[in-house]
Amino acid sequence: MEHRQAIKIMSVVGARPNFMKVAPIVAAIRERKRTGRNGAIEHILVHTGQHYDRSMSDSFFADLDLPTPDIHLGVGSGSHAKQTADIMTKFEDVLLQQRPDLLLVVGDVNSTLACAIVAAKISFDASGTRPVIAHVEAGLRSFDRTMPEEINRILTDQLSDLLFVTEESGLNNLAQEGVSSAKIHFVGNTMIDSLLAFKGKADQSSILDVLGLRKNGNGCGPRIKPYALLTLHRPANVDTREAFLEILEGIADLSREYDIVFPAHPRTQKRIRDFGFEQYFEATEPGNGSGTIRMIGPLGYLDFLCLMKSARLVVTDSGGIQEETTCLGIPCVTVRENTERPVTVESGTNTLAGISKQGIREAVTRQLSKTFMKKPPQNWDGRAAERIVDIAVATFERETACASC
Ligand code: UD1
């Protein structure tokens, strides 16, 4: 590695769940600059364009105070192979041009793996110099290789030089896979950094009023009508008629008891149209217990966080929402057979329902009958990004010192 004053860090985002994981790292770098701490950092933000709708991407930049990406690859949707290959081809040019010291990839989406592969094989000079590859959210495993995300996780971890782990299971999984412990750092969860940083701001969201979920009057008792929050987007759950219908039947009782607010991912909206499921999702007045689900478009970060904070129950197939509800102490039913985030189940807020209607019904009843204490998992304290930046800078300083001695 050539000797330079500043460390050049490149971070990659591509899809919705990446934005809240990178935002605190950008903020930690900004803070380091502001306070003039040792180790100047030049930071470059690359957006692959895997997600491109305003509601899936731009609105998160605004909500999370993220700067406009320095480089946008404009890749868009496609099959896994095409999307991954398009990102790789475009990202190779970017890497060769920018020559960062450290490449930071987050999570488990196609953009994560695509950029890690390119960086692992690139050569900036005749001696084979390439960036240090750092994976944020390393070590999570569902042990289900039918999930594209599991393939992305395993391969990204194998290619990474620095592995930043969010929960203890990650340490065990990486040890099982033979990853050297010298590369692994249990730093906590940058998605939770964002949640803690923006939870206050989320209270200012008008989404509860917009959806008519606030009670009028000054009487005592809760001022928010009880509602459940639903998200579904996994191909295994929404891409076949049978699987999707099974889930809808699983939550039918819940929808007669509570309003269900459903901010639907674009792929899910498309499936609803394809399968002619519109009758399950009528736009109903709140509180009429009609058995239909109130479908709305994807929400921005602050609106969604606001809805999550006050929900009676969350039903989801997302990975990140399992963690966010754990941190908030909100009961969560995960419509999957497995989770790569076991700490959320151990904490009690999350339960795995499976994908049968019976399993979902039972899980809903189980979660509604409990009350939870907020007890965040180890290191979910809002300081993960700070630790990551400190370790990145220390690694760079060690390497430059070695190169010049
Ligand atoms: C991706 C991630 C998944 C993550 C999810 C969060 C992979 C393999 N999957 O899945 O882990 O949980 O993001 O949302 O990387 N679409 C739009 N507008 C957009 C983006 C997507 O309309 O801005 C539609 C397109 O029809 C596209 C489909 O959604 O074909 C799927 O998008 P894609 O990025 O391939 O995967 P996700 O299902 O979003």
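**Helix packing and salt bridges in a predicted model**

The axes of helix H7 (residues 190-202) and helix H13 (residues 301-310) cross at roughly 85 degrees and come within 10 Å of each other. Axes here are lines fitted to C-alpha atoms, for helices over the stretch in contact, with angles running from 0 to 180 degrees between N-to-C directions. Helices themselves (H or I, at least four residues) and strands (E, at least two) are DSSP runs, numbered from the N terminus. The structure is a predicted model, in which local features need pLDDT of at least 70 and side-chain atom pairs count only at pLDDT 80 or more, while totals for chains, interfaces and linings use all residues. Residues are numbered from 1 along each chain as its sequence is written, and side-chain values use heavy atoms, with hydrogens and water left out.

H7 and H13 are therefore roughly perpendicular to each other; angles of 65 to 115 degrees count as roughly perpendicular, under 35 as roughly parallel, over 145 as roughly antiparallel, and the rest as oblique. Contact, meaning heavy atoms within 4.5 Å, is made by H7 residues including Met191, Leu195 and Phe198 with H13 residues including Tyr301, Leu302 and Leu305. The residues of this contact of H7 with H13 divide into 8 nonpolar, 1 polar and 3 charged. In this grouping Ala, Val, Leu, Ile, Met, Phe, Trp, Tyr, Cys and Pro count as nonpolar, Asp, Glu, Lys and Arg as charged, and the others, Gly among them, as polar.

H7 also meets H1. The axes of H1 and H7 come within 7 Å and cross at roughly 75 degrees, which makes H1 roughly perpendicular to H7. On the H1 side, the residues in contact include Pro17, Met20 and Lys21, and on the H7 side they include Thr190, Met191 and Ser194. The contact of H1 with H7 divides into 6 nonpolar, 2 polar and 2 charged residues.

Charged pairs come next. Side chains of opposite charge can pair when their charged atoms come close. With a salt bridge taken as a side-chain nitrogen of Lys or Arg within 4 Å of a carboxyl oxygen of Asp or Glu, the count comes to 27 salt bridges. One of them joins Asp65 to Arg30, with the closest N and O atoms 3.9 Å apart. Asp65 lies in the loop between helix H2 (54-63) and strand E3 (71-72) and Arg30 in helix H1 (residues 16-35), so this pair ties together parts that are 35 residues apart in sequence. Another salt bridge links Asp157 and Arg141, whose closest N and O atoms are 2.8 Å apart. Because Asp157 sits in helix H5 (residues 148-159) and Arg141 in the loop between strand E5 (132-138) and H5, the pair ties together parts that are 16 residues apart in sequence. Both Asp157 and Arg141 are buried, a label for under 20% relative accessible area, with exposed meaning over 50% and partly exposed in between (1.4 Å probe, protein chains only). In the salt bridge of Arg387 with Asp381, the closest N and O atoms are 2.4 Å apart. Arg387 is partly exposed at 22% relative accessibility, and Asp381 is partly exposed at 37%.

Finally, Thr344 is found in helix H15 (residues 342-346) and counts as buried, at 0% relative accessibility. Leaving aside residues up to four places away in sequence, Thr344 touches Gln322, Glu323, Thr326, Thr349 and Asn350.
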